[in-house]
Amino acid sequence: MSDPVRPVPTNLILGFLGVGKTTAILDLLRQKPEGEVWAVLVNEFGEVGIDGAILETEGAVVREIPGGCMCCVAGLPMQIGLNQLIARAKPDRLLIEPTGLGHPSQILDTLTGEYYQDVLKLGPVITLVDPRKLEDPRVLDNIQFRDQVAAADILVANKTDLCTDNQVHAFDQWAARLAPEGRPVYHTDHGHLSVAWLDGAAALPEVSEPHAHHHHHAKEGDTPPPPSIHENPWQLVTNRGQGHNSIGWRIHPELMLEENVILAMAMDDRLLRFKAVIHTRDGWRVVNVVDGAVTILPGEPRELSRVELISAEALDASEMDQLLRAAAGLTDQD
């Protein structure tokens with residue numbers, strides 16, 4: 001059990017959409033020293049909180065802040081969630097996973113502000129990068145990506161098993177040109193991180209202003225809690241901002257989904273990301289699709305199924321809802 005007087009060691013795990021942050025945190029949780037309590041504050045661009053459900057499978061105490069980037073809720077919603085998590089878990093370590101579409105500046109300001117000065121001890125900020133994405137000028141020019149890299153104390157090339165030698169070499173050359181000089185740079189795959197990288201202190205380099213990008217979110221306090229899944233067994237929610245759109249579902253666990261239909265839906269080439277924790281006719285599944293790569297793992301029974309898709313272009317939510325209803329054997333009238 002942690003000493004309530006000792007500041008909680010805290011690390012941000014940053015990275016662009018689909019780089020493997022949740023997988024990396026799962027890997028860190030598996031390395032947790034026996035007897036310690038680790039907590040995770042997780043924020044997703046979408047509204048249904050799938051990453052939190054996945055992280056709970058490794059025994060972490062998880063608090064979710066769904067619905068947009070954490071920098072936009074780095075005021076009251078983030079502080080409430082963080083305070084509740086610390087009070088409930090009394091953690092020996094805290095990991096924070098902001099959305100891959102988020103901006104780190106205001107989060108860092110909140111965590112290092114006077115209120116948390118004696119509560120948290122901010123350790124190295126770790127930013128994951130997929131070297132293949134450096135070939136896309138839209139990623140290199142993206143302000144969220146640039147600021148996630150600028151905030152990093154440790155820069156990690158993830159998914160190197162999927163990269164060519166030239167792509168990894170290009171990453172090393174790109175990283176060598178970045179300031180500050182001498183920043184640790186590592187290669188890894190499948191999100192494998194060394195728990196030793198969490199120790200130390202954050203350098204807190206300068207990043208751009210948090211309002212250098214535009215969002216479309218409700219005002220603080222305007223978003224009500226989701227309705228009971230028993231009162232409303234099929235819940236459709238949407239979000240948009242930072243040039244991306246999300247459609248998500250919360251579904252009663254008694255409504256079992258056809259796995260093959262889900263996979264066909266997930267492979268829509270308009271999607272940047274598809275993830276789900278679902279009850280299928282063959283049991284619970286964790287489905288993750290990014291860059292056309294599909295991962296399906298068995299899952300533990302949950303209080304509800306969750307499905308989330310993210311796209312750059314606006315999709316017809318009604319059309320996607322009909323596809324998912326078909327996977328559950330429902331019609332529009334059900």
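**Notes on a predicted model**

1. Let's start with helix 8: the face turned away from its buried side carries the exposed residues Asn 260 and Ala 264. Here "buried" means under 20% relative accessible area, "exposed" means over 50%, and "partly exposed" is in between (1.4 Å probe, protein chains only). Helices (H or I, at least four residues) and strands (E, at least two) are DSSP runs, numbered from the N terminus.

2. A word on what you're looking at. This is a predicted model, where local features need pLDDT of at least 70, side-chain atom pairs count only at pLDDT 80 or more, and totals for chains, interfaces and linings use all residues. Residues are numbered from 1 along each chain as its sequence is written, and side-chain values use heavy atoms, with hydrogens and water left out.

3. Back to helix 8, and to its hidden side. Which residues of helix 8 are buried? They are Glu 259, Ile 262, Met 265 and Ala 266. These sit on the same side of helix 8, because they cover an arc of only 120° around the axis (the arc is that of the directions from the helix axis to the C-beta atoms). An α-helix has 3.6 residues a turn, so residues three or four places apart point the same way. The cover over this buried side includes strand 11 (244–251), strand 12 (271–280), strand 13, strand 14, strand 15 (305–311) and helix 9 (317–327), with contact meaning heavy atoms within 4.5 Å.

4. Arg 285 is buried at 18% relative accessible area, and Glu 259 counts as buried at 15%.

5. A search of the whole structure finds 11 salt bridges. One of them joins the side chains of Asp 199 and Arg 93 (3.0 Å, N to O). Asp 199 is in the loop between strand 8 and strand 9 (215–216) and Arg 93 is in strand 4 (residues 93–97), so this pair ties together parts that are 106 residues apart in sequence. Arg 93 is buried, at 10% relative accessible area. Asp 136 and Arg 138 also meet through their side chains (3.1 Å, N to O), and Arg 138 is exposed, at 67%.

6. Now compare helix 7 (residues 165–176). Its 12 residues should span 16 Å at 1.5 Å a residue, and its end C-alpha atoms are 17 Å apart, which agrees (the expected span is 1.5 Å times one less than the number of residues). Gln 167, Val 168, Phe 171, Trp 174 and Ala 175 are buried in helix 7. Seen down the axis, they fall within an arc of 120°, so they line one face of the helix. Asp 165, Asn 166 and Ala 176 are exposed on the face turned away from that buried side. Among the parts covering the buried residues are helix 6 (143–150) and strand 7 (154–157).

7. Ala 179 and Pro 180 are joined by a cis peptide bond, with omega about 0°; Pro 180 is in the loop between helix 7 and strand 8. Lys 159 isn't a glycine, yet it has a positive phi of about 60°. You'll find Lys 159 in the loop between strand 7 and helix 7, where it is buried at 13% relative accessible area. Asp 291 has a positive phi too, about 55°, although it is not a glycine.

8. Finally, the whole protein. Its secondary structure comes to nine helices and 15 strands. How much of the protein is buried? Of its 334 residues, 54% are. Of the contacts with a separation of 6 or more, 73% are between residues 24 or more positions apart.

Conventions:
A salt bridge is a side-chain nitrogen of Lys or Arg within 4 Å of a carboxyl oxygen of Asp or Glu.
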